[in-house]
Amino acid sequence: VAEIRAQILGGALAPGTPLTETGLAAMFDVARPTVRSALQVLTSRHLAQQSQGRSLIVPVLDHEDVRDLYFVRIPLELESVRVIVENGIPLGEAERQLEKMEQMPADASWAERVEIHSAFHVAIIDAVGSNRLSRIYSTLQDEMQLCLAQIQKSYPNPRDLATEHRKLLDELRSADLDRAQAEMRRHLERAVENYEST
């Protein structure tokens with residue numbers, strides 16, 4: 001599951017690519033039942049979907065899919081920002097994840113960058129201290145990562161991702177709720193705009 005997921009999020013398995021048991025078994029030198037089990041997990045996590053034929057494919061997110069995903073995501077993160085700013089909640093874990101993002105070597109894969117990016121946002125959500133919020137947010141993770149994987153071309157310089165998140169974290173620490181929420185909204189809406197421009 002981890003290997004196929006990394007191939008999908010890194011772009012090696014592009015949107016629309018067939019995910020056949022035979023092909024994946026040969027790629028990873030494993031038995032077909034192993035691949036079948038992995039594909040079931042990936043389907044449950046929205047990283048594989050049924051094509052018009054019988055085979056599974058890497059999902060192709062269209063503009064409506066992305067708008068709907070962020071329709072759900074944005075209110076969760078804006079509310080998290082409100083709770084963090086109003087209560088002065090420390091963001092040590094988000095800082096640690098951002099430092100990892102900033103220290104990534106230039107040749108780090110996009111899949112690795114997507115993982116750290118997601119860990120940063122999860123750290124913000126988890127800082128709120130609501131188990132249910134964290135649980136709801138976790139169900140969106142793979143689709144959010146798939147979306148980010150598919151807008152890689154919007155970041156010709158991979159370090160732009162770290163720069164964006166440093167600005168966001170600075171605003172979250174500003175103690176100015178309006179500024180912090182405005183920056184979070186800009187950050188998330190920019191992803192939708194980047195997707196629609198691809």
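Helices (H or I, at least four residues) and strands (E, at least two) are DSSP runs, numbered from the N terminus. The structure is a predicted model, in which local features need pLDDT of at least 70 and side-chain atom pairs count only at pLDDT 80 or more, while totals for chains, interfaces and linings use all residues. Residues are numbered from 1 along each chain as its sequence is written, and side-chain values use heavy atoms, with hydrogens and water left out.

The protein has 10 helices and three strands. Along the sequence, the pattern is α-β-α-α-β-β-α-α-α-α-α-α-α. The C-alpha trace spans about 55 × 35 × 30 Å along its principal axes. The radius of gyration, taken over C-alpha atoms, is compared here with a globule rule of 2.2 Å times the number of residues to the power 0.38. For 198 residues, a compact globule would have a value near 16 Å; the protein has 18 Å, which agrees.

Contact means heavy atoms within 4.5 Å. Among contacts between residues at least 6 apart in sequence, 72% join residues at least 24 apart. Accessible areas come from the Shrake-Rupley method with a 1.4 Å probe; for residues, only the protein chains shown count as cover. The protein exposes about 10200 Å², and carbon and sulfur atoms supply 50% of this area. Buried means under 20% relative accessible area, exposed over 50%, and partly exposed in between (1.4 Å probe, protein chains only). Of the 198 residues, 43% count as buried.

Lys and Arg count as positive and Asp and Glu as negative, whereas His and the chain ends are not counted. Each charge is placed at NZ of Lys, CZ of Arg, CG of Asp or CD of Glu. There are 22 positive and 30 negative side chains. The centres of the two sets lie 3 Å apart.

In soluble globular proteins, nonpolar side chains tend to be buried together. A nonpolar core is a set of buried Ala, Val, Leu, Ile, Met, Phe, Trp, Tyr and Cys residues joined through side-chain atoms within 4.5 Å. The largest such core has 62 residues. Those with the most contacts inside this core are Leu-19, Tyr-70, Phe-120 and Leu-172. Helix H4 (residues 63-87) gives the largest share, 10 residues.

Val-81 is placed in helix H4. At 0% relative accessibility, Val-81 counts as buried. Beyond four places in sequence, Val-81 is in contact with Leu-172, Leu-177, Ala-180, Gln-181 and Met-184. The C-alpha atoms of Val-81 and Ala-127 are separated by 9.7 Å, although these residues are 46 apart along the chain.

Phe-120 touches Ala-94, Gln-97, Leu-98, Met-101, His-165, Leu-168 and Leu-169, with residues up to four places away in sequence not counted. Its partner Gln-97 lies in helix H5 (residues 92-103). Gln-97 is buried, with a relative accessible area of 8%. Leaving aside neighbours within four places, Gln-97 is in contact with Ile-116, Ala-119 and Phe-120.

Helix H8 (residues 141-149) includes Gln-141. Eight of the nine residues of H8 are buried, so this helix is largely enclosed by the rest of the structure. The buried residues are Gln-141, Asp-142, Met-144, Gln-145, Leu-146, Cys-147, Leu-148 and Ala-149. Their cover includes helix H1 (2-9), H4, helix H6 (110-127), helix H7 (131-138) and helix H10 (177-196). Gln-141 counts as buried at 12% relative accessibility. Gln-141 touches Ser-118 and Val-122, not counting residues up to four places away in sequence.

Leu-9 is found in helix H1. At 1% relative accessibility, Leu-9 counts as buried. Apart from neighbours within four places in sequence, Leu-9 is in contact with Leu-47, Trp-110, Ala-111, Val-114, Glu-115, Gln-145, Leu-146 and Ala-149. The C-alpha atoms of Leu-9 and Val-72, 63 residues apart along the chain, are separated by 21 Å.

Backbone angles were also examined. Most residues other than glycine have a negative phi, and most peptide bonds are trans. Asp-29 has a positive phi near 55° and is not a glycine. Asp-29 lies in the loop between helix H2 (21-28) and helix H3 (32-44). Asp-29 counts as exposed at 70% relative accessibility. His-46, also not a glycine, has a positive phi of about 65°. His-46 is placed in the loop between H3 and strand E2 (49-50). With a relative accessible area of 41%, His-46 is partly exposed.
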